[in-house]
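Reader: I am new to this one. Please walk me through the terms as we go.

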Amino acid sequence: MLNGASHAVTNQLLPDNTTLNAGTEEELQCYGYADSKRKRLLFYVLVVLTLGVVLLLIYWRRELECYLKKSRCTLYRADTVLLQDQFGQNYVCSIKSLNLADELHEFNDSYNREESTPENVHDVSDVANLTVKQMEPVVLYFEHQHVRYLWSNQDKSYSKLLDLSTHTRLATLEQYKGLSSRQQAHRRMLYGSNSIEVEVKSYWRLLIEEVLNPFYIFQIFSIVLWATDQYYAYAACILVISSVSIIVSLYETKKQMITLHNMVKVDAMTITVARGDGCYEPVHVTDLVPGDVIVIPPKGCVMTCDAVLLGGTVIVNESMLTGESLPVTKTSIVVGEASEVYSPQNHNRSTIFAGTRVIQTRYYGGCKVLAVVVRTGFSTAKGELVRGILYPKPLGFKFYRDAFRFVMFLALVALIGMGYSVYTHIELHASPEKIIIRVLDVITIIVPPALPAAMTVGTVYAQSRLKKKQIFCISPPRINFCGRLNLFCFDKTGTLTEDGMDLGRVLPVKNGSFQPSVSDPSHLEREELLIGMATCHSLTIIDGEISGDPMDVIMFNSTKWTLEEPGADTSKFDNIMPTIVKPATRDTFQEEDLGEAGQFEVGIVRQFPFSNYLKCMSVITRTLTKSNMAVFSKGAPEKIVQLCHKETVPEDLHSVMNRYCLQGFRVLGLAWKQLDHKVSWHQAQRMSREEAESDLTFSGLLVFQNKLKMQSKPVIRTLLAANIRCCMITGDRLDTAVCVGRNCGMIEPRDTVVMVKASRPENGGGPKIIWEPLEATSSDNVDASSDNEETPFLPPSYQNQKLLGSLSVIKFNAAAQTTTALTLSEPRTHLAVDGSSFSVLERYFPETLKRVCMRGTIFARMAPDQKCQLIQKQQELGYSVGMCGDGANDCEALKAAHAGISLSEAEASVAAPFTSAVNNIECVVTLMREGRAALVTSFGCFKYMAVYSFIQFISVMILYSFGFNLSDWEFLYIDLLITTTIAVLMGYTAAYDRLVAARPEGSLIKPSNILSILLQVLAAALFQAAAVVYLNAQKWYSKELPLKDEKEGQTPSWVNTVIFVVSTYQYITVAFCFSKGPPFRKRIYTNVPYMICLVFLLVFSTCIFLIPIPLLEKVLVMQPLEVHPLQFRGLLLAIVASHFVVAVAIEYLVSDNLCIGGCIKGCVNRLKSKKNTSPYKLLEKDIEATNWPPVGLVSFSDAASDVGVILEERNSGIFELSVNR
């Protein structure tokens, strides 16, 4: 009694569900289930009663296993958990237990939790303690999509197994000396093997999974049914075709698995790990666990884990992850404040990620380059990307949802047909067995088994064409998404502009004043500015060539100095100097250097790598023959200014800087300071970044010219003309980005740019937004020559338009196949926002942020995570968003977008769904054209398959009324020779070579589509009925009765012959009508195989009809047409021709005619509720109805009725404030 009561109390107190990964994209609802003997017994009974069908249902829907065999219980007592993600998908995972004491018996010691903790770790806030020290000897856990979740006795719930990348302080990581063998074994039990294995399933397993697919289960059901009905030839042909289809599918699936497996696999290798006290031991890389301290091989390797560099410098290639092929220098981690927490994003310059190739390492003296492992296996950055490929998020494309709804509608029609079939066969006194077969046969007719395959044909052809253009895709379903994009975002540097830059000039600063500018930096005096340019970088020498950031390379080469890696002569720097720079040619030596024993050399003692968040980098250097070290910093001028003494910064710095930025130049600031002569090398290595980057002296500006790629402006014009909104997301300065935006055509010459300056609460006041107009400079004007640039993929009528002060929008007339240019004389207002203001808007002005995301064109100084947030905000507004970047800092945004394109030389990269090996943005237009063509093809194939099913359904229903059916070979001719050939070749039509303003519809249940299908079905039914009426009117025709001893399809009849002949033409007719050409695909005659197919089918059907062949008539079980006058066949041919005219007219009037289509759309829009309208469209109407944005005002609230403050400019240039309500 007490035990039962205690169990009841426990069940009431402990939860039976929890939320995992709350607030993240991987949020899961977790429910506990335990085995129930009563339910299991009922389940076995159900299996027997359904002949095993329930097992098949459980295979398709795993959650049914929980509902039918188990009962809800507390998570603590659960043996299974049911997981539900935010998309409504369900997953079932079994609870497993891990007895750590038993697993570690090989060490001949009792289990001790304290031994498993890292050395020198005593802070309970560190994850090392949370995940290891508090573990019990027996651990309950489950795995979902390669992520392990552990039971916590403290929280009475399951939670994700954390590693050292979460809540771990930098000071803790720095103290790691290595794990003992026992500690490593213990953690390996918890974290599992350090490997990213993409399973390559055997052909036998793939065959079982493929056969159990609903599509093939339906095929098997159909084949058995046809064989039972003595349709042996048809059943045999479908069996052969299905077998070939399965074999091809297995081959392609296996090939894709092998490709992905080879892309992510790492060859077996060992690596040296530290065991503490100076002991090292080689272990296999799969045995690594978080907390291991590894030695990075000097000759390089491929990383299999994420590790934080503890000492030394490492040069890596991260193209596998980011698509960026340039070498990246990783430096050891620097501990600033004791409470600073490690983050892979914030400390990426000190983190070596799995999947990256280590090119070389640098070590000081006899020291080893050490790194502490923070993440392993699928928890690494590479593992997360691979998981994204293996378990992609549901695309949520309306087209696929509507396709499923339409199939359900077809099933409903099948039920009606089944009822009619029962009625007609009862009237004909058919046997019960025959009635059952006929009823089931209706399902195989109205729901076409080949529908899923037909809908993917367009995507397959599009992917093949993209590959020929060096655009590679790892997520084919996203190709259809590209057809619906209405907003495209671009990175700036390396995407819109060239990777390389030209150093335009250098502006030295002395005593707080600008000196005359210098175009050749090598002529500068050998002082702080020149030395800073020669040392403040992260360049390295690989295969005899200087490698690194292109801007750093250009800056260093302009000094005409040389760079030397560590060598035998570094002993004069105490054998600790990683890099030396010195003048290169006789021209760059000063007189005092010539003839001297010691040359002028500068050693780079330490690097503080560039940070996207700090927007700068620094180095500590020592000049030979000098006792003092120096610090040089380089970065965004506004950041460098904050690090300098105010008296060293020129008063006109901002005006000078803005003058260059507004002309599209990229400006960097340089500063320096001299360290105390008492600072030793070891002290320099321990110096915090904050200490080094403080109290600097401003030394000058570097002005770089970043040229537009020649393809950028024409492509942006093409997109704008096609009503595709374009915006720029960059980490560069806002005014530079605005200038590039004007030069590339995102912002037209007459358009206005308003800077959105949002600030946090200060001095007791609230947050505010200043809406400041940005005046265009004369350099912003587009010269006349630029208007003669060729604009690819645009109709010729557009290329002839001059775009001075106005934007021409192309309107495509589908009926006349012509284009007209409509001039928009009204200038537009563009918003420009920087990352700082974006974060303020997100926190204090969420409603205003929605409007800013709608009208914003330039988003500058955006951190990588902010780029991703912006993409997600735009998606929440209802936009279909594309993103194009170089892959370096854009990975998160590329993965978040509906269509992300990484510009990379690598053919296979997990950085984005699409990768273009051609390094310019022309791939954007190509991808959108192919996406539109694939989407239209999918629509056409779906409509054809639907109407084909209805036509055959009508034919069979008419024949059932007379007691007949189509013969075996008639079904074969219709389903295989006509339908399958048409469905396969229909999608071969190439994409239209112009990008027009219209977008293909994204919904199958669009009124015009539904009306088109219904009218086509009605027309087919009417003309088939007309053919039967005409047959009945013939004097020689008398009603035929089927022979009782023969199958329905084996008895020749005139009604069968007439219906078969007329319906074959109808299949060809609707195929022609649904083969759309411009504006999204080329004209039908360009698809040569398809045209040959249509002509052949038309000729063959006509030969059957007009030139009867007795043998063919016998095979098809037709009546001899030649026994009656030619006039009978001629009038039937007239009925067929009339159907062709009506079908073409229906498609033209309903789908292609803009006037009628517009009327239908207008009527539907009046009936449609606002809930079904995209948020951005509703917001656009609201913006147009108000005077927004409030240019020249200051906003203090997020409400619509803001209290504004007008900015009035005096002659002195000072802004005066006045309240405006």
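Author: Start with one cut-off: a residue is buried when its relative accessible area is under 20%. Keep in mind that the model is predicted.

Reader: What makes helix 29 "mostly covered"?

Author: Helix 29 spans residues 846–855, and seven of its 10 residues are buried. Those seven are T848, L849, R851, V852, C853, M854 and R855. Each falls under the 20% limit, so each is called buried.

Reader: Which faces does strand 1 have?

Author: Strand 1 covers residues 17–20. T18 and L20 form its covered face, while N17 and T19 form the uncovered one.

Reader: Why are strand 1 and strand 2 called a pair?

Author: Pairing takes at least two bridges. Strand 1 and strand 2 (residues 28–35) are joined by four, so they count as paired. They run antiparallel. One of the bridges sets L20 against L28 in strand 2.

Reader: How do you know that strand 22 and strand 23 pair?

Author: Strand 22 (residues 502–510) and strand 23 share two bridges, in the antiparallel sense. V509 stands opposite F514 in strand 23.

Reader: Which sheet holds these two strands, and in what order?

Author: An open sheet of nine strands, with antiparallel pairing. The order is 23-22-32-31-30-29-28-27-26.

Reader: Why are strand 23 and strand 26 said to stand at the edges?

Author: Strand 23 (513–514) and strand 26 (561–564) each have a single partner strand, so one side of each has no neighbour in the sheet.

Reader: What makes a residue part of the lining of the second largest pocket?

Author: A lining residue has an atom within 4 Å of a pocket point. Here 31 residues line the pocket. Nearest its centre lie E638, R733, M755, K757 and D834. The pocket's volume is about 910 Å³.

Reader: Which element gives the most to that lining?

Author: Strand 34, with five residues. Elements giving two or more include helix 21 (637–643), helix 26 (734–744) and strand 38 (829–834).

Reader: How many of the lining residues are nonpolar, polar or charged?

Author: There are 12 nonpolar, nine polar and 10 charged residues.

Technical notes
Residues are numbered from 1 along each chain as its sequence is written. This is a predicted model: local features need pLDDT of at least 70, side-chain atom pairs count only at pLDDT 80 or more; totals for chains, interfaces and linings use all residues. Side-chain values use heavy atoms; hydrogens and water are left out. On a 1 Å grid over the protein atoms alone, a cavity is a set of points where a 1.4 Å probe fits but cannot get out, and a pocket is an open set with protein on both sides within 12 Å along at least five of seven lines; lining residues have an atom within 4 Å of a point. Grid points are joined across faces, edges and corners, and a volume is the space filled by probe spheres set on the points. Ala, Val, Leu, Ile, Met, Phe, Trp, Tyr, Cys and Pro count as nonpolar, Asp, Glu, Lys and Arg as charged, and the others, Gly among them, as polar. Buried means under 20% relative accessible area, exposed over 50%, partly exposed in between (1.4 Å probe, protein chains only).
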